[in-house]
Amino acid sequence: MPHLEGERRCGCPGEQRECEQRERPYQQDHNSSTEKPGMVPPPPGEEGQTVILPPGWQSYLSPQGRRYYVNTTTNVNGYHTSGTPAHPPETAHMSVRKSTGDSQNLGSSSPGKKQSKENTITINCVTFPHPDTMPEQQLLKPTEWSYCDYFWADKKDPQGNGTVAGFELLLQKQLKGKQMQKEMSEFIRERIKIEEEYAKNLAKLSQNSLAAQEEGSLGEAWAQVKKSLADESEVHLKFSAKLHSEVEKPLMNFRENFKKDMKKCDHHIADLRKQLASRYAAVEKARKALTERQRDLEMKTQQLEIKLSNKTEEDIKKARRKSTQAGDDLMRCVDLYNQAQSKWFEEMVTTTLELERLEVERVEMIRQHLCQYTQLRHETDMFNQSTVEPVDQLLRKVDPAKDRELWVREHKTGNIRPVDMEI
């Protein structure tokens, strides 16, 4: 998998493996696909020992029985190595085939003989167990609904006649998540604009001269109402500024090069699928050549038996050698195909686990910033409450009688009342 965030190195638990070990890992057969974290069965010949994995490492098996490891924290992958040399796969996966034998049997068997049981089926150049003979496969990460367990096959494209690779669906989800993150940022930006406009209108309204001539304790309360608008305007301006720096900007800038990284990742897996398709085409070509050589050998053998031809025994040996060579070529092509499929399998597991980690990280990041939004909103409410508390205090002090007294003292014209006129 290409680098997504930081350098990803191939290695084994506890030490860095050499390039040769990475290219030719040790293979071992085991009945299960995954083991309990921290403990895996020992290699053949070392059954009396138990392999203890460092914390964070998980053991997996490829379809051909190759054991490799993934660090569930960093998603570094590597292979188990030992003194036992790597051995080629013992099975050959075809379109719908039973496991082939050795090259001698391939070269000399009759092309018309049908296989007694079909063990595998190849779909879009990927080989799967045949549904009728499929052994039970244990999930790599049971109970977790992990990406690495459910996206091996291709899916019919609803918008066309083709198919969409399972990995492509995962990439589309990642890109959709990036788009949703961008739209959330734009939504917060619109919220900021509303706050800024609201603050501007509050400040403008606080300067309005309406009812400015109100007097007494009620006049003081009214003046405080207008001042509270100015204070509230400041609160909303600060709220909008914090929304920008603590919510909108982080949402917008999170993984700025994400699309570019996903494109690299897509190309990496697509190249492996192309290599797999090329190897599969070579297998089919070699199979066709073997069939022709076997047919030619059988025809010459029959002609010799019924004496319809003067072909010598040397001609038969020559045809047999060609048939055997075709069998060898087929075995070689099958081996190369299996190697390509194992490489694709291993990169799929590692890459899908990385995509899974990235998705969890994205969701958690958005959740944290939305929590920050609600926290800022609560703080704004508290600050707004503080701006109206002085208003509440003055309103409780409003005293019409006192106001009347003060006004009368200031504006009185005389306290001598009129009397009746005398004659």
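The following dialogue goes through how to read a predicted model, feature by feature.

Colleague: What should be known about the conventions before reading this model?

Modeller: Residues are numbered from 1 along each chain as its sequence is written, and side-chain values use heavy atoms, with hydrogens and water left out. The model is predicted: local features need pLDDT of at least 70 and side-chain atom pairs count only at pLDDT 80 or more, while totals for chains, interfaces and linings use all residues.

Colleague: What is the mean pLDDT of the protein?

Modeller: pLDDT is the predictor's confidence in each residue, from 0 to 100. The mean for the protein is 80, and 73% of its residues reach 70 or more.

Colleague: Where is confidence lowest, and where is it highest?

Modeller: Helix α1 (residues 19–23) is lowest, at a mean of 37, and α4 is highest, at 96. Over residues 2–39 pLDDT stays under 50, although the model has 110 contacts beyond four places in sequence for them; a contact means heavy atoms within 4.5 Å. Residues 79–104 are also below 50, and that stretch has 80 contacts in the model beyond near neighbours in sequence. Where pLDDT is low, the predicted coordinates should not be read in detail.

Colleague: How many helices and strands does the protein have?

Modeller: Both are DSSP runs numbered from the N terminus: helices are H or I with at least four residues, strands are E with at least two. The protein has eight helices and nine strands. Of its contacts with a separation of 6 or more, 72% are between residues 24 or more positions apart.

Colleague: What share of the residues is buried?

Modeller: Buried means under 20% relative accessible area, exposed means over 50%, and partly exposed lies in between (1.4 Å probe, protein chains only). Buried residues make up 36% of the 423 residues. The accessible surface comes to about 26500 Å², and 52% of that belongs to carbon and sulfur atoms. Accessible areas come from the Shrake-Rupley method with a 1.4 Å probe, and for residues only the protein chains shown count as cover.

Colleague: Which residues touch the most other members of the largest nonpolar core?

Modeller: In soluble globular proteins, nonpolar side chains tend to be buried together. A nonpolar core is a set of buried Ala, Val, Leu, Ile, Met, Phe, Trp, Tyr and Cys residues joined through side-chain atoms within 4.5 Å. The largest one here has 32 residues, of which Phe 167, Trp 344, Val 349 and Leu 355 touch the most other members. Two or more residues come from each of α3 (147–150), α4 (166–206), α6 (258–305) and α7 (313–396). The largest share, 13 residues, is from α7. Apart from this core lies another, of 10 residues, including Phe 239, Phe 254, Met 365 and Leu 376.

Colleague: What is Phe 167 in contact with?

Modeller: Leaving aside neighbours within four places in sequence, Phe 167 is in contact with Phe 151, Cys 265, Asp 266, Ile 269, Met 348, Thr 351, Thr 352 and Leu 355.

Colleague: Which residues make the nonpolar surface patch?

Modeller: Patches are made of residues with over 30% relative accessible area and no salt bridge; like charges are joined within 9 Å, nonpolar side chains (Val, Leu, Ile, Met, Phe, Trp, Tyr) within 5 Å. Met 180, Met 184 and Leu 370 make a nonpolar patch of about 210 Å². Met 184 lies in helix α4 and is partly exposed, at a relative accessible area of 31%.

Colleague: How many salt bridges are there?

Modeller: A salt bridge is a side-chain nitrogen of Lys or Arg within 4 Å of a carboxyl oxygen of Asp or Glu. By this rule the count is 18. One of them pairs Lys 141 with Glu 356, the closest N and O atoms being 3.7 Å apart. This pair links distant parts of the chain, 215 residues apart: Lys 141 is in the loop between β7 (126–129) and α3, and Glu 356 is in helix α7. Both Lys 141 and Glu 356 are buried.

Colleague: How far apart in helix α7 are Glu 354 and Arg 357?

Modeller: They are three residues apart, so about one helical turn separates Glu 354 from Arg 357. Their side chains meet in a salt bridge (2.7 Å, N to O). Glu 354 is buried, with a relative accessible area of 8%, whereas Arg 357 is partly exposed, at 25%. In helix α7, Glu 359 and Arg 362 are likewise three residues apart, and their salt bridge has an N to O distance of 3.1 Å. Glu 359 and Arg 362 are both buried. Salt bridges with shared partners join Arg 255, Glu 354, Arg 357 and Glu 361 into one network.
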